Amino acid sequence: PYRWLKRVVKRLVHFHAKDISVQQGDAERGKVTGTPVGCACGDGVIDWERVIGIIRKECPRDIVLSVECGTVEQARRSIEHLNRWV
């Protein structure tokens, strides 16, 4: 995801912040092309400090992060985690 983000960051206008656990990724790999529900940002495989660093350094505009997860509690934890770097 980091190489892809660097390729498109100059055109980025909105970003869906979604994470997925290693277990869920392993269970769904090769069976689905996307998953509707992940885990809280910070509980999964995405390096959010790296993602937000790329956006802050290379994107020419302010970006809205739209958190995607399964529960309100996961959303609260995601926002708390992401706020460390925004």
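This is a predicted model: local features need pLDDT of at least 70, side-chain atom pairs count only at pLDDT 80 or more; totals for chains, interfaces and linings use all residues.
**Exercise 1.** Characterise the largest pocket by volume, lining and residue class.

*Solution.* 
- Start with size: the largest pocket has a volume of about 190 Å³.
- Next, list the lining of this pocket: Ile52, Ile55, Arg56, Cys59, Arg61, Asp62, Ile63, Leu65 and Val86.
- Then sort by class: 6 of these residues are nonpolar, none is polar and 3 are charged.

**Exercise 2.** Do likewise for the second largest pocket, and find which element gives the largest share of the lining.

*Solution.* 
- The volume of the second largest pocket is about 150 Å³.
- Its lining consists of Pro1, Trp4, Leu5, Phe15, His16, Lys18, Ile46, Trp48 and Val51.
- Two or more lining residues come from each of α1 (2-8), β1 and α3.
- Of the elements, β1 supplies the largest share, 3 residues.
- The class count for this lining is 7 nonpolar, 1 polar and 1 charged.

**Exercise 3.** Determine which residues of helix α4 are buried, why they line one face, and what they pack against.

*Solution.* 
- Helix α4 spans residues 72-82. Apply the cut-off: buried means under 20% relative accessible area. Gln74, Ser78, His81 and Leu82 are buried.
- Look down the axis of α4: the buried residues fall within an arc of 90 degrees, so they line one face of the helix.
- Finally, identify the partners: the buried residues of α4 pack against β1 (14-18), α3 (48-58) and β2 (64-68).

Definitions and conventions: Residues are numbered from 1 along each chain as its sequence is written. Side-chain values use heavy atoms; hydrogens and water are left out. Buried means under 20% relative accessible area, exposed over 50%, partly exposed in between (1.4 Å probe, protein chains only). Helices (H or I, at least four residues) and strands (E, at least two) are DSSP runs, numbered from the N terminus. The arc is that of the directions from the helix axis to the C-beta atoms. Contact means heavy atoms within 4.5 Å. On a 1 Å grid over the protein atoms alone, a cavity is a set of points where a 1.4 Å probe fits but cannot get out, and a pocket is an open set with protein on both sides within 12 Å along at least five of seven lines; lining residues have an atom within 4 Å of a point. Grid points are joined across faces, edges and corners, and a volume is the space filled by probe spheres set on the points. Ala, Val, Leu, Ile, Met, Phe, Trp, Tyr, Cys and Pro count as nonpolar, Asp, Glu, Lys and Arg as charged, and the others, Gly among them, as polar.
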